[in-house]
Structure formats: C-alpha cells, structure tokens
Amino acid sequence: MSGDHQTLALLLFSAFVAVTLGITTWVSRHRHGTAEEFYAGGRLFSPMENGFAIAGDYMSAASFLGISGLIALFGYDGMLYSVGFLVAWLVVLFLVAELVRNCGRFTLADVVASRMAERPVRIAAGTSSVTVSVLYLVAQMVGAGSLVALLLGGTGGAVRTGTVVGVGALMVVYVTLGGMRATTWIQIVKAVLLMAGAGALTALVLVRFHGDVNALLTTAAAHSGHGGDFLVPGLKYGGDWTARLDFISLGLALVLGTAGLPHILSRFYTVPTARAARRSVVWSIGLIGCFYLMTIVLGLGASALVGSDAVRASGAAGNTAVPLLALELGGGAGSTGGTVLFAVVAAVAFATILAVVAGITLASSASVAHDLYASLRRRRRGATPRGEVAVARGAAAGTGAVAIALSLLARELNVAFLVGLAFAVAASANLPVLLYSLFWRNFTTRGAVWSVYGGLIPALLLVTLSPVVSGSPGAIFPGVDFQVFPLENPGLVSIPLGFLAGWIGTVTSTEPSDPARHAETEVRSLTGAGAV
C-alpha cells in the first residue's frame, strides 16, 4: 500500500484510539470502585443504548472482515455465517434475555448457582466462560493482524506480532481503567461507525451495478473462478458427507452458540429491568439484521469487483476482502478516492476489533474474579467486592497474554471460522447448563458440573484432533498429522454431549433436587421478584 494509505489510515486509527481512551479516562475519574459499577456499569443504560452496545459487541471482525471474505471466496456457502449469526438472536430473545437478567447479577454462573451448590458450579461455569472468551479473542486479534499487515504492506511476522501485542495492550487499558461503563460507550461509538461504514460501502456497490442485484450476482459468479457453482450450495460444504456434516455442525454452533457467549450475557445486566433487557435485544436484532444483509452485498461486491483470486492472493483466508473492495470502489490503487475509502474502512474495522476485544476481555476477567477467585477465597472468608474488582483488573492482563500467544499461532485462519469454533464451545458447555437451570425442575449440582465439562472437554478435544490443528495444508501445524476427528467444527458431536452429560449427571446424582429453590428461581426469572 502507498504511503498515503498508511498515513491517512494511521491518523484515523489514532483518532479513534484517542477518543476511546478519552472516554475511558473520563469514566475512570467518575467511578466508585464498586463491583456493580465495574461489572455492570451501575445498571444505568437505557434499552436503546444497550441495544447499540450489544450490536457493537456482536458485530465483530468476524462479521465485517471474515464473513464478507468467505462470501467472496465461496459464495452461497459463505452466506451460512450471515444467516446463522442472525437467526441465533431468536434463541436469545425468546429463551434467555429476560430470564438471565432476572436470575443473575454479573455472570452466567450467577444464574446456575442460584439453585445449586455455589462453589463447584461457579468454578465449572467460570472455567468455561474464560475458555470461550479466549477463543473469541483469538479471532479478533487474527483479524487485527491481517488488517494492519495489509495496510502497512507487510505480511511478515513482525508486523502482525506488533499489531496483536498493541491491541492486547489497549484492551487491558480499556478494561482496567473504565470497566463496563467505558466499554459500553466504546461499543456504542463503534456500532454507529460500523453501520455507517458498511452502509456507505453497500450503497456504493449497489450504485456501481445501478441497483441491479441480478447483475451483481452474475458478475460475482463470473469473477469468482467457479462460474454458476458460486451461487449454489456445495462450493465449501458440498461433495462428500464429511463436508455436509461440517455444514450441519457449523449451523448448530452458530444458531445455539450466541445464547452461551459470556460477553453477550453480561450485557443484560447493564439495564435496570428484565423488560429493558428484552427491549435491548429487539434494538440489537434490528441493527444486526441490517448489518448482516449488508455483509452479503459486500462479499458479493468483493468477488465481482476485486475478484476471488485477488482476494485469495492478498490473504488465503479472505480476511482482507472488504478493505480491497473499498480501494476498488474509491477508484483503485493510487487514486485519492481509493486512498480515503480504504483508510476509512480500515479504521472502522480496527475500531470494531478494539471495541469487541474490550467487551470480551471484561467478560472474561469478570468470570475469573467473580466466579473463580471469589469461590476459592470464600472458603477462607477472604473475598470482598473491592478485592474482586482488583483481581478482575489483573485478570484482564492475563487473558490478554494468553489470547496474544494463541492468535500468533492461528494467524492464517479465517476469523469467521475461528469465531465459529468459539460458538461451538459456548453452545456445548454454556447453553445446556443455562437451559437446564432455568427450565428443569429436577436439575442438580452434579448435573450442572457434568453438563459444563461434558460439553467443554469434548469440544476442545475434538478441535485439537481435527483438520484445524493438524493434517491439512491450512492447519495451525501443517507439518504434523494427529488428526482423528474429520469435522472442522465440533458442534454436531459436542453440543448433544453437553446436554447428555447434564441429564446423566442429574439422574445418577444421589443429591435430591430442591423443588422449593427451583420454584423460587422460576418465579424470579419470570416476574423479576427479588432480582438485583
């Protein structure tokens, strides 16, 4: 990329970082240091504000960079991600949002522990939440590395490593200084920027084809290198039964995983009531639905105007399709319009990554402090709310370090694909225990613990033994082969195992269920009576 690209985009990056650090600094001066302030922003946000923040949390680098890239490379099959990510919100709206807000305080474990033995349940749920958060963080940081490597014209490890470390440092600053209130305002700013940027690019693509969607589809197929196969199922997930099962597995993970994502569940605690939580979801569904429709146009536009081969040449995973599309729409390489549009899109994408990373890190550090640390310290009667907050700030740095290390290993993988793995783990470990706790009267502590580990351990083990890690040219370790499991996404096997383990743990438990506590939880979840 030319020096003009670099200078302008870096200026826009710097402006966004300066604004967000300003928000964080302002919030840090007005904080009270309480757990409610740090974890939930004082529960002071309106449904519209929280709806924008949820959308900002959800519309990640996987959505903006990864999905559009997959559509540019694989056409119809890439659209599965757009559909799956959106449909998942119906599960959140009808089954989770209000009930979670009424039953919990700060984390997923609060909901489960309300009717179980606290310590084992909190340790299990906390461990699962941290694992999902780290996997999700890896995807965002891989996106950041790809983006800045493209911007600076370097594909070497030094550029990507520096970018990933820089993003990790910024997310630690956001979380430790500002907590949930600063993170929420950063998400709102980012959601507005992302919707505006994606909307402008979508409009430019449609104008280029004079509003003729059929012409867009035809040109995209012609320039994809696959002809008519680009617009029908099967290009990525067709052929043998393994690919078709992978398709089903990914669909299950995307649709069921959202309701188990810790950083999404924690957003329901930032509003004062369950009704506000439900209205927040309605706001977010509207924003997210519009956005995913735009990613389809952007992916097809990248194939039609840039060409699938050019996208693949820039990065095999397709993560750079949208910036390349912006360059082309602005007039091509070397043009003033191309320089400006490329820089704006790159800055918006970078803002997207920073904001999502901050939200995930906060959710992870809350799980470490509120669930793991507090459970271990309470046994010795040493945990205090202020001590929890201090541990959460330290945990943000630890989470960042782990995510940085893993993202450097996975930097050649597509970010939407990486997020699909995080969704599979969330759907396997978090969703079963959440639904059982809310709706099954006889559910026990053993069932809860078995449900979490029965989904988490198989999901991680199957990913480790899959083509993602070894045995294929695009694997993390392509030079070795210990692949046993043929599917890339473990959801088809690990999600049913999570539900099955919870059922087996409950029916074999010697501990009697507590109908009174279930009745109390049921009344509280449905009416809000006694909710914090």
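Trainee: Where is the place of Ser375?
Mentor: This is a predicted model, in which local features need pLDDT of at least 70, side-chain atom pairs count only at pLDDT 80 or more, and totals for chains, interfaces and linings use all residues. Residues are numbered from 1 along each chain as its sequence is written, and side-chain values use heavy atoms, with hydrogens and water left out. Helices (H or I, at least four residues) are DSSP runs numbered from the N terminus. On that basis Ser375 lies in helix 15 (residues 336-378).

Trainee: Is Ser375 buried or exposed?
Mentor: Buried means under 20% relative accessible area, exposed over 50%, partly exposed in between (1.4 Å probe, protein chains only). Ser375 has 5% relative accessibility, so the residue counts as buried.

Trainee: Which residues does Ser375 touch, not counting those up to four places away in sequence?
Mentor: Contact means heavy atoms within 4.5 Å. With that cut-off, the residues touched by Ser375 are Arg119, Arg122 and Ile123.

Trainee: How are the rings of Phe85 and Tyr292 arranged?
Mentor: Rings of Phe, Tyr and Trp (its six-membered ring) pair if their centres lie within 6.5 Å; planes under 30 degrees apart count as stacked, over 60 as edge-to-face and the rest as tilted. The structure holds 16 aromatic pairs. In this one the centres are 5.9 Å apart and the planes are at 25°, so the pair is stacked.

Trainee: How many residues apart in sequence are the parts that Phe85 and Tyr292 tie together?
Mentor: Phe85 is in helix 5 (residues 79-103). Tyr292 is in helix 12 (residues 274-306), so the pair ties together parts whose separation in sequence is 207 residues.

Trainee: What is the arrangement of the rings of Phe291 and Tyr292?
Mentor: Tyr292 is buried, at a relative accessible area of 2%. Phe291 is buried too, at 1%. Their ring centres are 5.5 Å apart and their planes at 65°, so the pair is edge-to-face.

Trainee: Which helix gives the most to the nonpolar patch?
Mentor: Patches are made of residues with over 30% relative accessible area and no salt bridge, with nonpolar side chains (Val, Leu, Ile, Met, Phe, Trp, Tyr) joined within 5 Å. A salt bridge is a side-chain nitrogen of Lys or Arg within 4 Å of a carboxyl oxygen of Asp or Glu. The patch includes Trp450 and Leu497 and has about 580 Å² of accessible area together (Shrake-Rupley method, 1.4 Å probe). With 6 residues, the leading contributor is helix 19 (residues 491-507).

Definitions and conventions:
Helix = DSSP H or I, 4+ residues; strand = E, 2+ residues; numbered from the N terminus. Patch = residues over 30% accessible without salt bridge, like charges linked within 9 Å, V, L, I, M, F, W, Y side chains within 5 Å.
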